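Good morning, everyone, and thank you for making time for this. Please have a look at the sequence and the model first, and then I will take you through a few places in it.

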Amino acid sequence: MRNNIELGLRRFILLFIICFFAAAPVFSAPTNYTYNYDFWREQVASPDAYRVGAYILGTTLGIGNFRDPQGLYIRENRIYICDSGNNRIIKVEVQENGEHVVTDVVTHVMIDGESSALNYPMDIFENRNGNLYIADTNNQRVLVLDNDWNYIHAIFKPDDESLGDFLEFLPSKLVVDFANRVFVQARNVNKGLMEFDNRWEFSGYMGANRVSVSIADYIWKLLSTQAQRERMDLFIPTEYSNVALDSDGFVYVTNASGQTDPIRRLNAVGQDILIRNGYEEPVGDLVFGNAAGIMGRSRFIDVVSFDNDSYACFDRTRGRIFMYDFQGNLLYAFGGVGNREGSFIQPVALDRMGYSLYALDSRTGALTRFDLTGYGVMINRALNEYRAGRYESSADVWEEVLKMNGNYDLAYIGIGRAALRQGDYQKAMRYYSLKHHREGYGKAFQLYRKQWTEENLWWMLLVLGLIIFLPMAVKFSIKTVKEIIEA
């Protein structure tokens with residue numbers, strides 16, 4: 001009898017545990033800390049917009065460990081990895097089931113019947129024709145190959161006086177635009193990107209970094225002796241850290257020096273056309289400390305753009321990815337320094353496949369894929385709707401985002417921006433004021449004032465007319481009545 005009671009009790013407890021966990025909500029642990037900044041420059045935690053979808057090592061691909069990989073490029077379902085330390089380039093194709101399969105491992109190129117080994121290749125780019133451009137850095141050349149890795153041409157050091165006789169040609173990053181112009185970022189070249197035309201002839205430099213000099217530094221240099229000036233840092237441009245091409249053919253460049261704009265978008269003549277209408281300019285972290293020996297501001301090592309003109313920047317300092325919209329507003333930031341999945345030790349390259357991000361770490365030799373969460377999908381949908389001119393739909397999506405994150409400033413600004421486009425200026429003013437967006441509020445107020453003036457102009461003129469003509473009419477009436485009485 002006692003055994004039956006104990007058995008029944010155990011069954012009841014087991015059934016209770018099963019029912020409890022079946023009814024309990026399922027919580028998925030976040031990849032890492034995701035955050036944004038508000039108007040007061042305070043970090044505000046937010047739901048994850050991206051989470052780790054895959055963690056790829058050379059061993060998992062069956063080709064041995066990556067060694068100091070430096071370059072990453074993605075076209076459609078093809079991933080090219082510059083395994084620089086192993087002097088090879090890996091081509092990986094993503095299957096329909098999401099599996100990553102190695103299709104090519106290239107270490108040599110046949111040139112005029114002779115095998116030529118790659119020597120620390122740092123970047124690769126596939127143009128619209130399917131041709132491959134490789135920055136074969138330590139061989140001091142840019143290789144041009146067809147999509148079967150057959151040799152077409154090689155670009156060597158241009159015969160240009162500005163390069164000098166002793167300066168080596170060390171191409172590290174490159175892109176090829178829609179007109180087949182090649183833009184190369186070479187080490188120790190600070191005059192901008194080296195530009196080669198579609199016949200691979202050197203045509204000059206494009207988009208040199210601006211020199212930032214404070215008034216105090218300038219005055220101090222004027223007052224210094226010749227010996228002191230020689231010991232000072234020179235006021236010269238810094239070289240770029242990476243280069244990328246967007247869907248419109250504009251060139252994005254990053255600068256990791258911390259001395260000038262960390263991100264720029266260059267047009268065909270090298271002018272910076274990046275829009276900076278956010279609370280702050282796109283510079284990464286606004287507030288930072290010196291914890292764990294990590295010091296200083298964010299330094300962008302790479303950038304990748306999306307079809308809706310948003311773009312993601314990879315921070316070398318703290319291993320974070322900062323996502324900005326087309327106006328320069330920070331959408332979210334995530335990542336960090338560490339050995340866990342979703343963190344990095346020495347980030348070097350960033351690219352995308354659709355809306356998934358691939359991030360490369362040269363120290364761990366790992367390629368991490370980040371996939372959008374439902375929260376991230378909604379944010380991108382709101383941006384896409386706005387860019388397509390569907391402002392009412394965009395506002396509806398932003399309302400859904402607010403249900404997921406009521407502290408998300410950009411959702412309020414997005415609703416205000418959509419209302420502004422629809423001509424509902426009072427609503428735009430209300431949403432802009434909630435998040436202290438002064439520029440948006442000022443524009444909405446200006447348009448509302450104009451609208452109100454046009455709608456109420458008739459009675460304003462009526463009142464003005466009464467003010468002007470009523471005293472005259474009264475005076476004339478009194479005078480007339482007086483004349484009649486006197487007559």
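Let me begin with a sorting of residues: Ala, Val, Leu, Ile, Met, Phe, Trp, Tyr, Cys and Pro count as nonpolar, Asp, Glu, Lys and Arg as charged, and the others, Gly among them, as polar. This is a predicted model, in which local features need pLDDT of at least 70 and side-chain atom pairs count only at pLDDT 80 or more, while totals for chains, interfaces and linings use all residues. Residues are numbered from 1 along each chain as its sequence is written, and side-chain values use heavy atoms, with hydrogens and water left out.

Now to the pockets. On a 1 Å grid over the protein atoms alone, a pocket is an open set of points where a 1.4 Å probe fits, with protein on both sides within 12 Å along at least five of seven lines, and lining residues have an atom within 4 Å of a point. Grid points are joined across faces, edges and corners, and a volume is the space filled by probe spheres set on the points. The largest pocket has a volume of about 670 Å³, and of its 37 lining residues Tyr73, Ile74, Phe125, Leu245 and Asp351 are the closest to its centre. Among the elements that give two or more residues to this lining are β4, β10 (121-126) and β25, where strands (E, at least two residues) and helices (H or I, at least four) are DSSP runs numbered from the N terminus. By the sorting I began with, the lining of the largest pocket divides into 18 nonpolar, eight polar and eleven charged residues.

The second largest pocket has a volume of about 430 Å³ and is lined by 18 residues, with Gln327, Tyr386, Arg417, Leu420 and Lys443 nearest its centre. Here α4 (374-387), α6 (409-422) and α8 (438-455) each supply at least two residues of the lining, which divides into seven nonpolar, six polar and five charged residues.

Let us return to β4, which is residues 71-75. Is this strand largely enclosed or largely open? Four of its five residues are buried, so β4 is largely enclosed by the rest of the structure; buried means under 20% relative accessible area, exposed over 50%, and partly exposed in between, with a 1.4 Å probe and protein chains only. β4 pairs with β5 (residues 78-83) in the antiparallel sense over five bridges, where pairing requires that DSSP finds at least two bridges. Leu72 stands opposite Ile81 in β5, and the two strands form a hairpin with two residues between them, in whose turn Glu76 has a positive phi of about 55°.

Finally, the aromatic rings. Rings of Phe, Tyr and Trp (its six-membered ring) pair if their centres lie within 6.5 Å, and planes under 30 degrees apart count as stacked, over 60 as edge-to-face and the rest as tilted. By this rule the count comes to 26 aromatic pairs. One of them is the tilted pair of Tyr332 and Phe334, 6.5 Å centre to centre with 40° between the planes. Phe344 and Phe370 also form a tilted pair, at 6.1 Å and 55°. Phe344 lies in the loop between β24 (330-335) and β25 (347-353) and Phe370 in strand β27 (residues 366-372), so this pair ties together parts that are 26 residues apart in sequence. Phe344 is buried at 1% relative accessibility, and Phe370 is buried at 0%.
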